[in-house]
Amino acid sequence: MRITRVLVVAFAAVTAGGFARPLLAQGTSDGSQPLVGTWQLTRLERTTDIQPLAQVPNPVGMLIQDASGHVIEIVSRAARPASLTAAEQFMTYQAFWGSYTVDSSRSAATYQITGDLDPGRVGRRFVRSFERKGTQLVLTEASTEGRPLNRTTWTRIPELEALPPYQEGVVGFWQWTSAGLFDSKGVNVQPGVRDSSVIVYTPTGHMAVLYLPRPGRKPFADAAPTVDEARAAMQGSVSYFGTYIVQPRSRAVFHYQLAAMNPTAVGGSFMRNFEINGEQVTLRFPPTTLNGEQVQNVLTLKRLSGLEHMWPDFRR
């Protein structure tokens, strides 16, 4: 069954009359500049054996990297049918977030995975070589023997020529910190737990999210998961990328899904209310009922980076 949701997010400013300004993350890395930006996947090549790299048909994906070393990457395929099994959904949708450092002398970037849909990849480090030509970025990951395992080609999406001031405070990496169902007395009657998760808004008008289930997922027995393993790994996860629009009068932001872990969610949208207070966002879902009582799902996220790191050359 196709599920279409509408998401409206209301932002309350810390200061009267406007959105909260982004708070800077520490430790910007000038060496990361060639990789900073919002990137759209245009070509995907992979191999699993000694054969040469082969092009994967109909790739879609988004790569977001900021100047403070945060990254989120989602790679999938266009027009995935709703009839896919859980294992097939998993194998055609990969997502991770974490950090990266750049060695410009070797044209190489080292990635550290903080969160991944694949529980066996959490905590791993890997290296990619990169080649930047204008708006094109080619990333190649090789085996320990130096043989290419996969290569992705990305096109940089330009930032908005007239980024609205009211949108500046939204831009950045935001990490999930806590959640729960609160009753009318403000008591958290059902605390929520997630593994390391993140949502990202970019100055291009794009966004991406990777919310993972609670810690403790088991790695797969083999390289490819069984249907049951894939279902267990994805259960409770939310992941997609798309575009967003901020409406200043209603203090709302709309998410529009271009690709999603669940293929039936593509084309849908989401609605939430939330309020920015300094480095923290409080996200409030519409009220619902639990055991006959009205409750509201409330979660918080902390800022990891802001506009200055998503767009270092930005000048008002």
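Which residue takes a positive phi in the hairpin of β12 and β13? Hold that thought; some ground rules come first.

This is a predicted model, where local features need pLDDT of at least 70 and side-chain atom pairs count only at pLDDT 80 or more, while totals for chains, interfaces and linings use all residues. Residues are numbered from 1 along each chain as its sequence is written, and side-chain values use heavy atoms, with hydrogens and water left out.

Now the overall picture. The protein chain has four helices and 20 strands. Both are DSSP runs, numbered from the N terminus: helices are H or I with at least four residues, strands are E with at least two. The chain has 316 residues, and 49% of them count as buried. Buried means under 20% relative accessible area, with a 1.4 Å probe and protein chains only. Next, contacts, meaning heavy atoms within 4.5 Å. Take those between residues at least 6 apart in sequence: 60% join residues at least 24 apart.

On to strand β12, residues 198-201. Side chains in a regular strand alternate between the two faces of the sheet. In β12, V198 and V200 sit on one side, I199 and Y201 on the other, and all are buried. So both faces are covered.

Who are the neighbours? Strands pair if DSSP finds at least two bridges between them. Strand β10, residues 172-183, pairs with β12 in the antiparallel sense over four bridges. There, G172 stands opposite Y201. Strand β13, residues 206-211, also pairs with β12, antiparallel, over four bridges. Here I199 has V209 as its bridge partner.

Back to the opening question. The residue is G205, with a positive phi near 90 degrees. The hairpin has four residues between its strands.

Next stop, S237. This residue is in the loop between α3 (227-234) and β14 (238-247). Is S237 buried or exposed? S237 counts as buried because its relative accessibility is 10%. Leaving out residues up to four places away in sequence, S237 touches L117, R194, Y211, L212, P213 and M261.

Last, the largest pocket. Its lining has 34 residues; R46, Q94, D118, R121 and N150 lie nearest the centre. By class, that lining has 17 nonpolar, six polar and 11 charged residues. Several elements supply at least two lining residues each, among them β1 (37-46), α1 (86-91) and β9 (148-157).

A word on terms. A pocket is an open set of points on a 1 Å grid over the protein atoms alone, where a 1.4 Å probe fits, with protein on both sides within 12 Å along at least five of seven lines; lining residues have an atom within 4 Å of a point. Nonpolar covers Ala, Val, Leu, Ile, Met, Phe, Trp, Tyr, Cys and Pro; charged covers Asp, Glu, Lys and Arg; the others, Gly among them, are polar.

Technical notes:
Buried means under 20% relative accessible area, exposed over 50%, partly exposed in between (1.4 Å probe, protein chains only).
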